[in-house]
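Some terms used for protein models rest on cut-offs. The questions below ask how such terms apply here.

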Amino acid sequence: MYKTKLLAALAGVLMFAGAASAQDYPNRPMTMIIPFAAGGPTDVLGRVLAQRMSEILGQQVVVENVGGAGGQTGSKRAADAKPDGYTFLLGTVGTHAQGQTLYKKPQYNSLTDFTPVALIAEVPIAITARKDLPVNGLKEFIEHAKKNKDKMTYGSAGAGSATHLGCVVANMAMGTDIVHVPYKGTGPAMQDLQGGRIDFLCEIISTAKPHIDSGAVKAIAIMTKERSPALPNLPTAAEQGLPMEAYTWNALFLPKDTPAPIVKKLADGANQAMDTPAVKERLAGLGAVVVTPDRRTPDYLGKFLKSEIEKWAVPIKQSGAQLD
């Protein structure tokens, strides 16, 4: 009886402490960890969001880029941070869903080592080819790939990246096994695609669009169910006769055991930022689709994450792709 009362008292003290700390949260600068190098699509999106959240929350949101291990290094740092709301993470489908199956020993458990805050946006992936590849559209691309599968190569932003797994999905759907050439980031992969040193790239639309628009690379298909407003004239793979889906998404996460009032304040700040017309316009220009308000809650993100881990486990296991 005494032990039960003591535990109840301690729980009450902790709840009170959490509520008290949330009352003046935030009262100092916060850190948004972006688990990739500066200049990439996740970094650009994060900085747009961080600037507006700083204005809304009344404290600066400082961006810290911590790259490495497909985003796991930075994500692990966020998971190990003090659960006081002052360090949070901009995670992706790669860091929080795909990596749980792709890596033999993930550095963290996405479901238990983080507190979900809010799903932010979804970004389609497009199959892009070197401009002199003798194909037009997905049908011709598949025919060419099957005839030249031993000669072709595709690039990615690195083993385990969303661009890598996008092409894993494409290979499986086409029934081919094209050789993968991993790069240290999207920039050098796109540079070699333009130089004709690789044949295709499954690239996030935000970084592919300028090169497609300029004619430096050839767009083949969007790998989502619907066309992208950023490239409205590019048909989906499904429209061209071969349904396949690959995309990335971005979401905010706090360390596990962060008090609920703090989670709510950060989620509210993120939601207000996403409802800002200038932010919506900037993200749309990057090819990112801001999710609807009903999908921005911590509860929704928790359920969504679980379904995404299960969803991506299937093609990853079937492909045999695995990283140490």
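Q: Which residues is Ile127 in contact with, leaving aside neighbours within four places in sequence?
A: In this predicted model, the partners of Ile127 are Leu138, Phe141, Ala170, Phe200, Leu201, Cys202, Lys218, Ala219, Ile220, Ala221, Met223 and Met244. Contact requires heavy atoms within 4.5 Å.

Q: What makes Ile127 stand out in the largest nonpolar core?
A: That core has 89 residues, and Ile127 is among those that touch the most other members, together with Met53, Phe141, Phe200, Trp249 and Leu252. Strand E4 (residues 114-130) gives the most to this core, 10 residues. Another core, of 15 residues, lies apart from it and includes Tyr183, Ala189, Leu193 and Ile205.

Q: Why is E4 called largely enclosed by the rest of the structure?
A: Buried means under 20% relative accessible area. In E4, 15 of the 17 residues are buried, so the strand is largely enclosed.

Q: How do you know that E4 and strand E9 (residues 247-255) pair?
A: Pairing needs at least two bridges. E4 and E9 have nine, in the antiparallel sense, and Glu122 stands opposite Trp249 in E9.

Q: What makes E4 and strand E10 (residues 289-290) a pair?
A: The threshold is at least two bridges, and E4 and E10 have two, again antiparallel. Here Glu122 stands opposite Val289.

Q: In what sense does E4 pair with E7, and over how many bridges?
A: The sense is antiparallel, over five bridges. Ala126 stands opposite Glu203 in E7. Five bridges also join E4 to E8, and these two run antiparallel; Arg130 stands opposite Val217 in E8.

Q: Why is Val66 counted as buried?
A: The cut-off is under 20% relative accessible area. Val66 has 8% relative accessibility, so it counts as buried. Val66 lies in the loop between strand E2 (61-65) and helix H3 (72-79). Beyond four places in sequence, Val66 touches Ile33, Ile34, Pro35, Phe36, Thr73, Gly74 and Arg77.

Q: How do the axes of helix H2 (residues 41-57) and helix H10 (residues 277-285) cross, and what is that arrangement called?
A: The axes come within 10 Å and cross at roughly 175°. Angles over 145 degrees count as roughly antiparallel, which means that H2 is roughly antiparallel to H10. Val44, Leu45, Val48 and Arg52 of H2 meet Val279, Arg282 and Leu283 of H10. Those contact residues divide into five nonpolar, no polar and two charged.

Note on methods
Residues numbered from 1 in each chain as written. Predicted model: local features only at pLDDT ≥ 70, side-chain atom pairs only at ≥ 80, totals over all residues. Heavy atoms only, no water. Axes fitted to C-alpha atoms, helices over the stretch in contact; angles between N-to-C directions. Helix = DSSP H or I, 4+ residues; strand = E, 2+ residues; numbered from the N terminus. Parallel < 35°, antiparallel > 145°, perpendicular 65-115°, else oblique. Nonpolar A, V, L, I, M, F, W, Y, C, P; charged D, E, K, R; others polar. Core = buried A, V, L, I, M, F, W, Y, C linked by side-chain atoms within 4.5 Å. Buried < 20%, exposed > 50% of the residue type's maximum accessible area, 1.4 Å probe, protein only.
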